[in-house]
Each structure stands twice: as C-alpha cells, then as structure tokens.
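I opened this notebook to keep a record of helix packing and of a few individual residues. The entries follow the order in which I looked things up.

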Amino acid sequence: MDKTLPPHAPGHPPPFREPSPLHRAVGASALGNAVEWFDYGIYAYGVTYISAALFPGETEEAVLFALATFAISFLVRPLGGLFWGPLGDRIGRKSVLAMTILLMAGATFAVGLIPSYDSIGFWAPTLLIILRMVQGFSTGGEYGGAATFMAEYAPDHRRGFYGSFLEFGTLAGFSFGAALMLGYSLYLGDAAMHEWGWRIPFLIAGPIGLIGMYVRSKMEDTPVFRAEMASAERREPPGLLALMRDYWRPLLVVGGLVVALNVVNYSLLSYMPTYLQRRIGLSSEEALLVPIIGMVFMMCFLPFAGALSDRIGRRPMWRWSLIGLFLLVVPLYMLIGTGFAGAIVAFMALGLLYVPQLATISATFPAMFPTAVRFAGFAIAYNISTSIFGGTAPMIGSGLISLTGDPLMPAYYMMLACLVGLVALRFMPETAGRSLLEDPFRRD
C-alpha cells in the first residue's frame, strides 16, 4: 500500500506558492518608487548636514543653497520624461524601469562619496548638482513608468486598491530614509553626523537599486502593452508635437492636478523637517520625528482610500481632499506652530486630508491616456508640472517666509495650489472601473 501523502494532505508542509504576476508587478513598481523617495527622505532629513559638508557660507545661506540644489533635480525631470516616456511606449515598460532604478540608485549612492567642500572646494557642490541632475533625469521616467506598469497589470475594478501600494512604497521609502537619518543622528551624535555619518544612508541606496533592477528585469511586460504590440493596428507612437496636439486635454488636466498634488506633497514631506526646525524651533530630532509618525499614520489608510475610490470614483476622493486642505491648512499650520505635540496632531490631520489624492494617483493619471501614448503622456505632464511647482515648493516656502516674515506662507501657497487642482478636476473624466483600452476624453 502506497502511504505517500499527497502534497496537500494534513501533516505535509503546504507547497510554496509563487506570487502571482499581479502581485509581483505591484512589488516591482512599489520598490522603485521606494528607492526614489528613499533618496528624497535622506536628502530632506539630512539637508543641514549636506549643506554644512558640501556648501560654503553661513548656515542659513548654505541650507538655502542645498534646497535650491534639491529643486535643480526637478528642473531636469521633464527632460527625463521626454526621453524615457516615448522610449517606454516603444520598447516596453519593464526595460525602461530596470534602467531608471539603476540610474536613480547609482546617483544617490554617489552623493555619499563626494568629498567635502573643505577638501575640494567648489567641486563639492558642483558634483552634487550633477548627481542631482542625473537623479532627476532618471526619476523623470521612473514614476510615470511605475504607475503605468501597475495600472496596466491591475484589474479595472480594483485599480485604485492595487495602485495605492505604489504610494505605500512612496511613504515606506521616505519613512525608511528619514528613520535612517534620524537613527544615525541619535546614535552617532551631531559631530560624527557632520563629519561622516550623513553619508551612510546615501551609500545604502546602491544595493537597494541592484535588487530593484534584478526584480524588474525578471518581470514580463504588462498584458495591456503586449496586446498593443501584437495588435494589427499598432502604429508608431506619435512625436512630441503630435502628442501635444492630439492629447492636450489630458496633458493639461493631469498637469493641473499635479500642481495641487505635489505642492502639498513636497511641502509636507520634503520641507517639513526644515520648517519645523528652523521656523518653529523644534529640536532636530523632534523635527525629524514628526513627519515619520505622520507618514506611518498615512500608510495605514492608503489601501482603504484606494479601495474606496474603486467604489465611489476618483473625482469625489480628489474633491474632498482639495476642499478639505483648502479650508483647513491654515489653522493646521497654526497648530503646528504650538509645539511638538501640536505639530504631530496637525501633520496627521494634513496627511489624512492628503491621502485621497495620494492613494489614487496611479489609478487616475495613467487612465487619462490611451495605451500607445500612456507612458509618454503621463511622464511628460507629470514631470513638467512637478518640476515647476513640486520640487520648488520647499525653496519657495522658505523664500516667502524670509521675504515676508510670515511662517504661514507655505500654507497660503498650498491653498493656491488646491484652487488650481479644483479647476483641473472640473475637466477630469471619471475613470474608475473603466478599461484602459478606452480613451476617456474621446467624444463619440
């Protein structure tokens, strides 16, 4: 009698099940976004150390230079979108994403190797600017490609839920970078951090990028793109002028929504530690801890907000978020000014108001464009708007405060951005539950 147990029998270890292509696509996309925002996290949270090590001048002047360098990387992002977007529509999403994550992580890694200003003079900030430009160029293809990749893998009726994990990667990467910088500062002390400790988080980006490239290179391209490539009606993606002529409506709508999205995003995530420390007077540890607590709080709500958008639509989620932020950002910034406890409560409230936007980006924006121009259209619209309004938000917020003496200027800037977003939302079609094979702006 054969007493061999079948694989599923009680007492026999259950067979290992490999993740489904959808789950692997979610992981591969989110990992790249985590690498991108890991870089932003360690730069934003280490800006005082970076400015002291790589820039000349007094502390205030050096910090402003460092924030301006952060903004420079965003000015290059449209060039990355113009290069990587059309390339992704021609050769495929996964090939481009494997290249962008390697470039992104490599540039971040190299920042940790730049000698100090005392050692090489102006070559230190020059090398930093060059590496930030490389990082911005690669990021110009990363986010649009990752969102497109995830959206094209996700089922239509659950695109919001699965797309929210891309932003989970955003906050996870940013939080991890911020926590590393905070942890090293607490463990090593201020003197060691200024001398060499700030470099360690940048060096960690290298192996993370190699892992991400390997994971992405093992993925198949998206079913939607493969179907497009196999179609008998497949045509060469249009050039830039044709793209702007034929798809100007979605380009403008996405660009307007991104103004609101990223002014809020970079004001809250990138600029907040500097704001809390230099404008509110919190200690460096407190200024780093407030956003970390707030981001972990936001991460808990992202999948639920994404799933809710599948049920009620993307437009209501954005409307609630934009109106809520417009009405409450000033009183919440006033609460931030009361001290550490008030800053935590206010940041969590601002984060909760922002989550409906953040959770639905990768479900909303890719659906605005047909498959043949999805990567290019999304990447170009997103990166042009981000470069002008998003990456410059920390510098503009700090500059407006210096100009006026009013610590609420970042809040007023966010209110203005929300108004722009509400205008763009008026012209945004609802895409929840719709096939990505449809053109939501087409009028039959």
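The entries below concern a predicted model.

**Entry 1. Helix 1 and helix 5**

I began with helix 1, residues 21-45, and its packing on helix 5, residues 93-111. I found that the two axes come within 10 Å and cross at roughly 20°. Angles under 35 degrees count as roughly parallel, and helix 1 and helix 5 are therefore roughly parallel to each other. I noted the crossing of this pair as left-handed.

I then listed the residues that meet. Helix 1 brings G32, V35, E36, D39 and I42, and helix 5 brings I101, M104, A105 and T108.

**Entry 2. F38**

I stayed with helix 1 and turned to F38, which lies in it. Is F38 buried or exposed? F38 has a relative accessible area of 3%, under the 20% limit, and so I recorded F38 as buried.

I next asked which residues F38 is in contact with, leaving aside its neighbours within four places in sequence. These are G173, F174, F176, G177, L180, P201, I204 and A205. I also looked up the C-alpha separation of F38 and S175, which is 7.5 Å in space for two residues 137 apart in sequence.

**Entry 3. Helix 4 and helix 7**

I moved to helix 4, residues 77-91, and helix 7, residues 123-153. Their axes are 7 Å apart, and the helices pack at an angle of about 55°. That angle makes helix 4 oblique to helix 7. I recorded the crossing of helix 4 and helix 7 as right-handed.

On the helix 4 side, the contact is made by R77, L79, G80, G81, F83 and W84. On the helix 7 side, I listed G136, F137, S138, T139, G140, G141 and Y143. By class, I noted 5 nonpolar, 7 polar and 1 charged residues in this contact.

I then examined helix 14, residues 272-280, whose buried residues are M272, P273, T274, Y275 and L276. Just after helix 14, I noted that G281 takes a positive phi of about 95°.

How far apart are the axes of helix 14 and helix 15? They are 8 Å apart, and the packing angle is about 145°. The crossing of helix 14 and helix 15 is right-handed. M272, P273, L276 and Q277 of helix 14 make the contact with S284, A287, L288, V290 and P291 of helix 15. I counted this contact by class as 7 nonpolar and 2 polar, with no charged residues.

**Entry 4. D310 and I312**

I followed helix 15, residues 284-312, to D310. D310 has a relative accessible area of 18% and is buried. Which atom lies 2.8 Å from a polar atom of the D310 side chain? I found the backbone nitrogen of G160 at that distance. Not counting residues up to four places away in sequence, D310 touches H157, R158, R159, G160 and F161.

I312 is also placed in helix 15. At 36% relative accessibility, I312 counts as partly exposed. With neighbours within four places in sequence left aside, I found I312 in contact with M317 and W320. I also looked up I312 and N33, which are 279 residues apart along the chain and have their C-alpha atoms separated by 26 Å.

**Entry 5. E430**

My last entry concerns E430, found in the segment after helix 21 (409-426). I recorded E430 as partly exposed, with a relative accessible area of 27%.

Which backbone nitrogens does the side chain of E430 reach? I found that of R314 at 2.9 Å, and that of A432 at 3.0 Å. Not counting residues up to four places away in sequence, E430 touches G313, R314, R315 and P316.

Conventions
Residues numbered from 1 in each chain as written. Predicted model: local features only at pLDDT ≥ 70, side-chain atom pairs only at ≥ 80, totals over all residues. Heavy atoms only, no water. Buried < 20%, exposed > 50% of the residue type's maximum accessible area, 1.4 Å probe, protein only. Helix = DSSP H or I, 4+ residues; strand = E, 2+ residues; numbered from the N terminus. Polar contact = N/O pair within 3.5 Å; in protein donor to acceptor, adjacent residues only side chain to side chain. Contact = heavy atoms within 4.5 Å. Axes fitted to C-alpha atoms, helices over the stretch in contact; angles between N-to-C directions. Parallel < 35°, antiparallel > 145°, perpendicular 65-115°, else oblique. Left-handed = near helix turned anticlockwise from the far one by under 90°. Nonpolar A, V, L, I, M, F, W, Y, C, P; charged D, E, K, R; others polar.
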